[in-house]
Amino acid sequence: MAARYDLTGRIAVVTGAAGGFGRAIVERLKAAGATPVLWDLPAALGRLPDSDAPVYAVDVTDEANVTDAADALMSRFGRIDILINNAGIVGEPLPTWEVPVATFRSILEVNLVGAFLTCRALVPLMLRTVGNGQSGRIVNIASIQAKEGMDKAAAYSAAKAGLIALTKSLGKELAKQGILVNVITPAASMTAMSIDAPKERLADILSRIPMGRFLEPDEVAALALWLCSDECSFSTGAVFDLSGGRATY
């Protein structure tokens, strides 16, 4: 893979690093010279291929766990330049009134509260890095469902919509601090999070994409890499679609 951007020396935390998008993003970051730091649940980390990248077992919904991982990161590297909030779960497709309360809360906790806790722990450390002359980048991975909602996906749509709003607020707060904050809204991809969905559900989703195919994880990684690079210099609090034409606004 040819690297188009130079991220040499930059430390990049990727949550949900063992997932399809996470692994593709990690590979892109490595190819560009960055040091990716992989955060995911212990069971998920066991599925990662052998790598020399630093790996931490982190539950992004656990405030103490996130804080401890942030402290360990700073003790080891003394800096954090890039944060990719990619951890997420989608849940079983159900009408809103049939979704168990615990399931709704769990989906919000992973997709939205987890990103908040990670930003809360790492942004102060990123501000210290920026103070030493480097720019910072935060890229959140949401979903096209955040912009339009989707039947039988109320919790996921709501959580990812919240992630867009979090991005916009944080982008404004950090606009003059040297840290750019942006969000990607992908259409569906055949990663582990969606590949086991019912066939009729996948067919419905595919029918909504004018390009007639699912998104490839490396396409998410390519956009994420640009958003992490110095070539991205005047976008913050922005929403970047990867919808194959599905997005209408």
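The dialogue below takes up cavities, salt bridges, a helix and some single residues in turn.

Me: What kind of model is this, and how are the residues numbered?

Reply: This is a predicted model, in which local features need pLDDT of at least 70, side-chain atom pairs count only at pLDDT 80 or more, and totals for chains, interfaces and linings use all residues. Residues are numbered from 1 along each chain as its sequence is written, and side-chain values use heavy atoms, with hydrogens and water left out.

Me: How many cavities of 30 Å³ or more are there?

Reply: Rolling a probe the size of a water molecule over the atoms shows where empty space is left. A cavity is a set of points, on a 1 Å grid over the protein atoms alone, where a 1.4 Å probe fits but cannot get out; lining residues have an atom within 4 Å of a point. Grid points are joined across faces, edges and corners, and a volume is the space filled by probe spheres set on the points. Here the count comes to two cavities of 30 Å³ or more.

Me: Which residues line the largest cavity?

Reply: The largest cavity holds about 60 Å³ of space. Its lining consists of Val90, Gly91, Glu92, Leu94, Val99, Thr103, Ile107, Lys152, Ala153, Ala154, Ala155 and Tyr156. Helices and strands are DSSP runs numbered from the N terminus (helices H or I, at least four residues; strands E, at least two). Helix H4 (101-131) and helix H6 (154-174) each supply at least two residues of this lining, and H6 has the largest share, three residues. Ala, Val, Leu, Ile, Met, Phe, Trp, Tyr, Cys and Pro count as nonpolar, Asp, Glu, Lys and Arg as charged, and the others, Gly among them, as polar. On that basis the lining of the largest cavity has eight nonpolar, two polar and two charged residues.

Me: Which helix gives the most to the lining of the second largest cavity?

Reply: H4 gives the most to that lining, with five residues. The second largest cavity contains about 50 Å³ of space and is lined by 13 residues, of which Asn85, Ala87, Val110, Gly114 and Ala115 lie nearest its centre. Its lining divides into six nonpolar, six polar and one charged.

Me: How many salt bridges does a search of the whole structure find?

Reply: Side chains of opposite charge can pair when their charged atoms come close. A salt bridge is a side-chain nitrogen of Lys or Arg within 4 Å of a carboxyl oxygen of Asp or Glu. The search of the whole structure finds eleven. In one of them, the side chains of Asp230 and Arg10 meet at 2.8 Å, N to O. This pair links distant parts of the chain, 220 residues apart: Asp230 is in the loop between helix H8 (217-228) and strand E7 (238-242), and Arg10 is in the segment before strand E1 (11-15). Arg10, Arg137 and Asp230 are linked in a network of salt bridges.

Me: Is Arg10 buried or exposed?

Reply: Buried means under 20% relative accessible area, exposed over 50%, and partly exposed in between (1.4 Å probe, protein chains only). Arg10 is buried, because its relative accessible area is 8%, whereas Asp230 is partly exposed at 45%.

Me: Which other salt bridge links distant parts of the chain?

Reply: The side chains of Glu63 and Arg120 meet in a salt bridge of 3.7 Å, N to O. Glu63 is in helix H3 (residues 63-77) and Arg120 in helix H4, 57 residues apart. Glu63 has a relative accessible area of 47% and is therefore partly exposed; Arg120, at 53%, counts as exposed.

Me: Where does H4 bend?

Reply: The bend at a residue is the angle between axes fitted to the seven residues ending there and the seven starting there. H4 bends by about 40° at Glu109. The expected span of a helix is 1.5 Å times one less than its number of residues. For the 31 residues of H4 the span should be 45 Å, and its end C-alpha atoms are 43 Å apart, which agrees. Just after H4, Gly133 takes a positive phi of about 100°.

Me: What is the phi of Lys152?

Reply: Phi of Lys152 is near 65°, a positive value in a residue other than glycine. Lys152 lies in the loop between helix H5 (145-148) and H6 and is partly exposed, at 44% relative accessibility.

Notes. 1 Å grid on protein atoms, 1.4 Å probe; cavity = no way out; pocket = protein on both sides within 12 Å on 5 of 7 lines; lining within 4 Å.
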